[in-house]
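Please look over the sequence and the structure first.

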Amino acid sequence: MPLRVMLRNVWALVRLTRPVFLLGGVALYGLGTAMAAFQGVSIRLDWLALGQVMVTAIQLFAQYANEYFDAEGDALNTRRTWFSGGSGVLGTGALARPVARRAMRIAAVCGAAAIVATATQSPATAALGALCMLGAWAYSAPPLSLMGSGLGELSASLIVAFLTPLTAISLHGGRLDAGMAAALAGLVLLHWAMLLAFSLPDRASDMAVGKRTLVVRIGATRAAAAHAVLIGAALALFAALGLTWSPARYVWIAFPVAVWQAGIVIWNAQRHDAGAHAITTGAVGLFVLASAALLLGFVVI
C-alpha cells in the first residue's frame with residue numbers, strides 16, 4: 001500500500017475516533033477523582049490509570065458503535081459541525097463501514113478486559129463499567145436503538161455526566177454524598193441540553209432515515225424551549241448549591257454563557273437560521289466551563 005494511501009487511512013481512522021470527545025471522558029473521570037480526593041480518600045495512581053483505561057475503552061466502543069449504526073443518517077447530513085452529525089468518514093467513503101464495526105469490536109474487547117481487571121479492585125466499579133457498556137450498546141444498536149427513541153439524549157447524559165465521575169469516586173472508595181449528587185445532576189441537565197443543541201442541525205437528516213430523536217419528535221421550536229428549561233434548571237440547582245456547598249462556589253462563572261446559549265438556540269430555532277456551528281460550539285463551551293468551574297471548587301481551597 002502506498003504511503004500516501006496509508007496516511008490517508010490513518011487520518012480517516014483518527015477522524016472516526018474523534019479524539020476531542022475522548023478528552024471529555026478524561027475530564028469527567030478527573031472530576032470524579034477530585035471529588036473522591038476531596039473526601040480524604042487515598043488516590044492510587046495504578047487504580048486511577050486502570051479506571052481511565054476502562055472509561056476510554058467504553059467511550060471508544062460507544063463512538064464506533066454510533067458511527068456504524070448511524071452511518072446512513074450521517075451520510076445525508078449537510079449541516080455537520082465539529083461536534084454534531086458524526087465524523088462524516090463513513091458517509092464520504094473515506095473508510096468502509098466494516099472498519100467501524102471492527103473498531104467497535106476491538107474496543108468492546110478492551111472494555112470488557114478493563115472491566116474484568118477493575119473487578120479485582122472494586123466489583124462495584126466494574127458493575128458501573130458494565131452498565132455503561134450496556135448503555136452504550138443500547139443507545140446505538142437494535143433492538144432498542146435509544147438514539148432514535150426520544151430517550152437517547154437523557155440516557156447518554158446519565159452515562160457521561162453522572163456515571164463517569166461516579167466510576168472514579170467508587171473506584172477509590174469514596175461515597176456519593178448529597179452535594180456531589182446534586183452537582184452531577186446539574187451537569188446531567190447541561191449535557192442533556194447540549195445533546196439537544198447537537199440534534200437541531202441533524203433534524204432533517206434524522207427525519208429522512210426515520211431516526212426519531214427528541215428534536216424530531218417535538219420539533220425545533222419546542223426543543224429550543226426544552227433546551228432553555230434544562231439550562232435554567234441547572235443554573236437554579238447550582239445557584240442553590242453555591243449558597244451552602246463550597247465546591248459549587250465557582251460555577252456562577254458559567255452563568256453568562258448559559259444565558260447566551262439558551263438565547264441563541266431559541267433565536268436560531270425561531271428563524272430557522274443555519275448557525276449550526278454557533279449553537280453546538282456554545283453548548284460544548286457551556287458544559288466544559290461548568291464542569292471546569294466545578295472541578296476548580298474541589299482543587300482550590
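A residue is called buried here when its relative accessible area is under 20%. By that cut-off, buried residues make up 50% of the 301 residues in the chain. The model is predicted, and its chain has 13 helices and zero strands.

**Overall form**
- Read along the sequence, the pattern is α-α-α-α-α-α-α-α-α-α-α-α-α.
- A compact globule of 301 residues would have a radius of gyration near 19 Å, and the chain agrees because its own value is 19 Å.
- The C-alpha trace spans about 50 × 45 × 35 Å along its principal axes.
- Of the contacts with a separation of 6 or more, 77% join residues 24 or more positions apart.

**Surface and charge**
- The chain has an accessible surface of about 13500 Å², and carbon and sulfur atoms account for 71% of that surface.
- There are 19 positive and 10 negative charges in the chain, and their mean positions are 3 Å apart.

**Helix H11**
- Helix H11 covers residues 220-244, which is 25 residues.
- From first C-alpha to last, H11 reaches 37 Å, close to the 36 Å expected at 1.5 Å a residue.
- The buried residues of H11 include Ala220, Ala223, Ala224, His227, Leu230 and Ile231. Also among them are Ala234, Leu235, Phe238 and Leu241.
- An α-helix has 3.6 residues a turn, so residues three or four places apart point the same way.
- The buried residues of H11 pack against helix H8 (178-199), helix H9 (203-208) and helix H10 (214-218), as well as helix H12 (255-271) and helix H13 (276-299).

Notes. Residues are numbered from 1 along each chain as its sequence is written. This is a predicted model: local features need pLDDT of at least 70, side-chain atom pairs count only at pLDDT 80 or more; totals for chains, interfaces and linings use all residues. Side-chain values use heavy atoms; hydrogens and water are left out. Helices (H or I, at least four residues) and strands (E, at least two) are DSSP runs, numbered from the N terminus. The radius of gyration is taken over C-alpha atoms; the globule rule is 2.2 Å times the number of residues to the power 0.38. Buried means under 20% relative accessible area, exposed over 50%, partly exposed in between (1.4 Å probe, protein chains only). Contact means heavy atoms within 4.5 Å. Accessible areas come from the Shrake-Rupley method with a 1.4 Å probe; for residues, only the protein chains shown count as cover. Lys and Arg count as positive and Asp and Glu as negative; His and the chain ends are not counted. The place of a charge is taken as NZ of Lys, CZ of Arg, CG of Asp or CD of Glu. The expected span of a helix is 1.5 Å times one less than its number of residues.
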